[in-house]
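This briefing is intended for a reader who is meeting the structure for the first time. Please keep the sequence and the model in view while reading.

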Amino acid sequence: MDFEALTISIYVLAGGTVLFSLVRFFIKPKICAVCGIETEDEYRDKDDKCVPLCKNHLIERWKEGVVSSPYTMAAIEPDFVKYPHAYLYATVARLKEWNYKKEDQDAVSAILDSVEGKMCNICGSRATVAYFNKEDFISPFFAKISAQPTFLCKGCFVKRVEQFLSDSSLDFGEGLYAPTNDKGVFHVQEFHAYSKIW
Ligand SMILES: [Zn+2]
Ligand SMILES: [Zn+2]
């Protein structure tokens, strides 16, 4: 390599380094709010604020949020293969806002009401979750669910879902929701299907 080529190489290298630093400066990597490692995952908390968390802390925070929620929930087993975009929590008001049909909103209300007085199928304590298998739900048609739910307490519910979350290779960019301050349903959703369905 002659001197000129070497000089050019050094300039190119230096330029690349400067460019890389600039990109890093403007596009700051997300950092887990708990342990500080770089992450792509985000948790949407109950006030709709996105908090960057690494996967372990994301799952931990989600479990805490669900277990500490005093509200009744419905939940569809997450199928992250078929619906890889999100695991959302929606109150009936939010379903309305998201243009779910009235019959689907009513179906969710009826499912939530059905939890009253039931016992957890696994541990026998008071049930607060109506859980459906993924085969029972074709997004977004809650009104077409004909299966009976498995009634669970919050502890047994998070144990059941935790595995799907940790096995998933998703980054939950904005896709993992906390339960908000009301009854609601955890479900998967195929955003791009909206235009085809409605
Ligand atoms: Zn972390
Ligand atoms: Zn239980």
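Helix 5 comprises the 14 residues 154-167 of this predicted model. At 1.5 Å a residue, helix 5 should span 20 Å, and its end C-alpha atoms are 20 Å apart, so expectation and model agree. The points below cover this helix and the strands in turn.

**Helix 5**
- A kink of about 30° is centred on V161 in helix 5.
- V161 is also buried, as are K154, F157 and V158 in helix 5.
- In an α-helix, residues three or four places apart point the same way, because there are 3.6 residues a turn.

- Strand 8 covers residues 184-187, and all of them are buried.
- G184 and F186 point one way from strand 8, while V185 and H187 point the other way.
- Side chains in a regular strand alternate between the two faces of the sheet.
- Strand 3 runs parallel to strand 8 and is joined to it by three bridges; A75 stands opposite F186.
- Strand 4 (residues 88-90) runs antiparallel to strand 8, again with three bridges; L88 stands opposite H187.

- An open sheet has the strand order 2-1-7 and mixed pairing.
- Its edge strands, each pairing on one side only, are strand 2 (50-52) and strand 7 (176-177).
- Strand 1 (residues 42-44) and strand 7 run parallel and are joined by two bridges; R44 has Y177 in strand 7 as its bridge partner.

Note on methods
Residues numbered from 1 in each chain as written. Chains lettered and ligands numbered in written order. Predicted model: local features only at pLDDT ≥ 70, side-chain atom pairs only at ≥ 80, totals over all residues. Helix = DSSP H or I, 4+ residues; strand = E, 2+ residues; numbered from the N terminus. Expected span 1.5 Å × (residues − 1). Bend = angle between axes of the 7 residues up to and from the residue. Buried ≥ 20, exposed ≤ 12 C-beta atoms within 10 Å, placed from the backbone. Pairing = 2+ DSSP bridges.
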